[in-house]
Amino acid sequence: MLAAAIVAFGGPDVFALTEIPEPAGELIDVTVAGVDDADLHRRRGAYRRSSLPAVLGTDVVGRRRGDGRRVAALLPAGGGYAQVAPARHTVDVPDAVSDEQALAVLEQGLTAWHSLHTLGRVGADDVVVITAAAGGVGHLAVQLARAAGARVIGLASSPAEHAFLTELGAHAAVDANRPDLGAALGEAPTLVLDGVGGRTFEQVRAALAPFGRIVAYGGAGAVANTVAVDELMTASTGVLGFGLERVLDDEELYRSSAARLFHLAGRGLLTARIGGRYPLSAVGRAHADLESRRVPGKLLIDVHRLRLDAVHGVHLATTSSSSVSPVSVKPRER
């Protein structure tokens, strides 16, 4: 099978289009794979460093071999940037939900849902602030918080993103780059979802209303945060952390919450923004676009689209490793 593998740790140019053996066990014939922030960290070697060559990609949609059912799957160990992937943590995709929407809603939607409901205990009386609100998790969280009846304030960096958040139903959109971010909110949040960290985390935490809480699910910023317990006690506020691994540890919780998200997507009550669709040969370009935040929304890899011309960020494999070999392919469009 064909896969886009990293042959070194580093920038978006470390991918090689290669022919590799199919994985063992139950398999999925992949239709589309997703590109996520976790993939960026793994590519750099900063998170769960894999032996090389390695196939990244933590979410896929395709057909499960054996029964042909259309499924979405989460792959914590990677393997999604390939035409065949392991069938792990699979959930059935309803007919009313497209491959693209299923892929975009599943992983990032689970993060948004559990941050809001399981940890955040969102309610109709809450004032919810969502950082990086135009991002993959953020724009789904805006919709879910509105559906819960909360007042929603989205943080974003550009007028276009502000307009997008307003279209999604946010009650207000605030410039995330404001030096007086806490004051710019205009009201004290009772619940904050933060995927940025750093200065943004500190400012929105300081702005929390008494008995408010902040749920941290990521740290796109370069500054690590620490929280002093005595400060939390004085302010009577709380800080919680969310990691999707804990949901995957509970198969019943995973399947039930995924089914809930797909139900909402099938009814048109939750819609993911698709930012771009890339051929398998252009995984590196997708990484570069995600890293620079040039392309908003979920980025997808069409693993059966193999066009090699007019792309950058990916080269054909030239490694001498016995497990990665060069491959010659003819362009094929779906």
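These exercises, each with a worked solution, walk you through a predicted model.

Residues are numbered from 1 along each chain as its sequence is written.

**Exercise 1. Two helices side by side**

Task: Describe how helix α3 and helix α4 pack, and state which residues meet.

Solution. 
- Step 1: Find the helices. α3 covers residues 136-147 and α4 covers residues 159-168. Helices (H or I, at least four residues) and strands (E, at least two) are DSSP runs, numbered from the N terminus.
- Step 2: Read the geometry. The two helices pack at an angle of about 30°, and their axes are 9 Å apart. Axes are lines fitted to C-alpha atoms, for helices over the stretch in contact, and angles run from 0 to 180 degrees between N-to-C directions.
- Step 3: List the partners. From α3 come His 139, Val 142 and Gln 143, which meet Phe 164, Leu 165 and Leu 168 of α4. Contact means heavy atoms within 4.5 Å.

**Exercise 2. Inside the cores**

Task: Which residues touch the most other members of the largest nonpolar core?

Solution. 
- Step 1: Know the term. A nonpolar core is a set of buried Ala, Val, Leu, Ile, Met, Phe, Trp, Tyr and Cys residues joined through side-chain atoms within 4.5 Å. Buried means under 20% relative accessible area, exposed over 50%, partly exposed in between (1.4 Å probe, protein chains only).
- Step 2: Among the 50 residues of the largest core, Leu 106 and Leu 116 touch the most other members.
- Step 3: Helix α2 (residues 99-119) gives this core its largest share, nine residues.
- Step 4: Look around Leu 116. Beyond its neighbours within four places in sequence, its contacts include Val 122, Ala 141 and Leu 191.
- Step 5: A second, separate core has 38 residues, among them Leu 2, Phe 15, Val 283 and Ile 301.

**Exercise 3. An aromatic pair**

Task: Find how many aromatic pairs the whole structure holds, and describe what you find.

Solution. 
- Step 1: The search of the whole structure gives one aromatic pair.
- Step 2: Phe 15 and Tyr 81 form this pair, with 6.1 Å centre to centre and 55° between the planes, and it is tilted. Rings of Phe, Tyr and Trp (its six-membered ring) pair if their centres lie within 6.5 Å; planes under 30 degrees apart count as stacked, over 60 as edge-to-face and the rest as tilted.
- Step 3: Phe 15 lies in strand β2 (residues 15-19) and Tyr 81 in the loop between β6 (70-74) and β7 (84-86), so the pair ties together parts 66 residues apart in sequence.
- Step 4: Both Phe 15 and Tyr 81 are buried.

**Exercise 4. Backbone exceptions**

Task: Where do the cis peptide bond and the positive phi values lie?

Solution. 
- Step 1: Start with the background. Most residues other than glycine have a negative phi, and most peptide bonds are trans.
- Step 2: The bond from Leu 52 to Pro 53 is cis, with omega near -5°. Pro 53 sits in the loop between α1 (37-44) and β4 (54-55).
- Step 3: His 89, which is not a glycine, has a positive phi of about 50°. His 89 is partly exposed, with a relative accessible area of 23%.
- Step 4: Ala 132 has a positive phi near 45°. Ala 132 belongs to the loop between β9 (127-130) and α3.

Conventions:
This is a predicted model: local features need pLDDT of at least 70, side-chain atom pairs count only at pLDDT 80 or more; totals for chains, interfaces and linings use all residues. Side-chain values use heavy atoms; hydrogens and water are left out.
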